[in-house]
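Please keep the sequence and the view side by side while reading the numbered points.

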Amino acid sequence: MNPIPLAQPEIGAREEELVLEVLRSGRLSLGPMGQRFERAFANFLGVEDAVAVSSGTAALHLGVRQLGWGPGDEIVTSPFTFVASSNCLLYEGAKPVFVDVDPETLDIDPDAAAAAVTEKTAGLLPIDIFGWPAAWPELEALAAKHGLGILEDSCEALGAVDSEGRKVGSRGHFATFAFYANKQMTTGEGGMIVPTDADAAARLRSERNQGRAVDMGWLDHDRLGFNYRLSDVAAAIGLAQVEKLPRLLEERAAVAAMYGERLAGVPGVEAPMAARGREVRGWFVYVVRLADEVDRDAVINRLRERGIDSKDYLPSIHLMPHIRELGYREGQFPVAEAASAHSMALPFFPRMSEAQVERVCAELAAAVDASVRG
């Protein structure tokens, strides 16, 4: 049977058309296509502006710098996420202070975050993990109480809606998105940061371009900056993707619904929730949690033998060697560590067929059963 990949971007004629437009224009970087992409993305979110950069990591790093976080600052964040969020704090000498996550949403626990605030705390860096919006009203109240900055890692959550019915990334603080090939939309590599105001947008556009302001000469620079530009070729792909983003999100939600229906009665497998109240997941990956008695590695290996890609998802980053050096150890964050030990991602992409979903679910059920029976 044909293999089923873990992810598969949808690239079509519109992407080809816009890429060719860029190639024929001779403006491959800092041209009009990048500006068109930024405007279209900002319009989708319903915000004033958005600044395109070379990756979600670049967006996070620039956000850390905009907030002035550095040596001596502690930033409350999640251990259950991709490592980029904490790496970007370490780039600037700030310290990630981890707290455990909510057992249902896997987002940062607001009560745990409140308990972790000290005189050294400079900000919060919550993650909208697996496309589920963080508890924004509670976290914003906490930040306001203590005068803390907020950087929102929405790199996995484009299209999600929070508990107040607002799109993630549109709440008025710095918010970041990523466009790697498995995301809700892609530019291949790329990211976006939502600024808080026009001055912040100007600083971001300068820092992404080696510290050169828009109105400065080619070799003039007035601040420390980075090569975090997004090429116009990548922006062309991004513009085409934004144009069809509502459909891509609908198709992802439909695939998730098919999974949810077929996994509802499978013993040992817990499917992710799609919505709760006004909250709606922005489907990035489809991650299930296996029962404690299930051998996850055996399940993954069996699925791969049958042509179905899957992956353990995600490790707890406080246990990675370079972050352990900050004093972290096993057992500190039991909810996050349990999620890391028992979660796995299944194949998930917009054009996934009903037959493919059924095949994955049938093989998953058989693999789980075989693992439990030994």
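Predicted model: local features only at pLDDT ≥ 70, side-chain atom pairs only at ≥ 80, totals over all residues.

**Notes on the model**

1. The buried residues of α3 pack against β1 (51-53), α4 (84-91), β5 (149-153), β6 (174-178), β7 (191-194) and α7. Helices here are DSSP runs of H or I with at least four residues, strands are DSSP runs of E with at least two, and both are numbered from the N terminus. Buried stands for a relative accessible area under 20%, exposed for one over 50%, and partly exposed for what lies in between, with a 1.4 Å probe and protein chains only. The buried set in α3 is made up of G56, A58, A59, L60, H61, L62, G63, V64 and Q66. Because nine of the 11 residues of α3 (residues 56-66) are buried, this helix is largely enclosed by the rest of the structure.

2. Residues are numbered from 1 along each chain as its sequence is written, and side-chain values use heavy atoms, with hydrogens and water left out.

3. Turning to the chain as a whole, it contains 13 helices and 13 strands. Its radius of gyration, taken over C-alpha atoms, is 21 Å, close to the 21 Å that the globule rule gives for 374 residues, so the chain is as compact as a globular protein of that length; the rule is 2.2 Å times the number of residues to the power 0.38. Along the principal axes, the C-alpha atoms fill a box of roughly 70 × 55 × 40 Å.

4. Buried residues account for 55% of the 374 residues in the chain. Where contact means heavy atoms within 4.5 Å, 70% of the contacts between residues at least 6 apart in sequence join residues at least 24 apart.

5. Helix α13 (residues 354-373) has 20 residues and reaches 29 Å from its first C-alpha to its last, close to the 28 Å expected at 1.5 Å a residue, a span calculated as 1.5 Å times one less than the number of residues. In α13, the buried residues are V357, R359, V360, C361, L364, A367, V368 and S371, and their cover includes α9 (245-263), β8 (269-270), β11 (286-290), α10 (296-305) and β13 (343-346).

6. F333 sits in the loop between α11 (321-324) and α12 (334-342), and it counts as buried because its relative accessibility is 8%. Leaving aside neighbours within four places in sequence, F333 is in contact with P79, F98, V99, D100, H318 and Y328.

7. Some backbone details deserve a look, since most residues other than glycine have a negative phi, and most peptide bonds are trans. A cis peptide bond, with omega about 5°, joins Y313 and L314, and L314 lies in the loop between β12 (311-312) and α11. F130, which is not a glycine, has a positive phi of about 50°; F130 belongs to the loop between β4 (121-125) and α6 (136-146) and, at 4% relative accessibility, counts as buried. Q210, also not a glycine, has a positive phi of about 65°; Q210 lies in the loop between α7 (198-207) and α8 (232-243), where it is partly exposed, with a relative accessible area of 36%.
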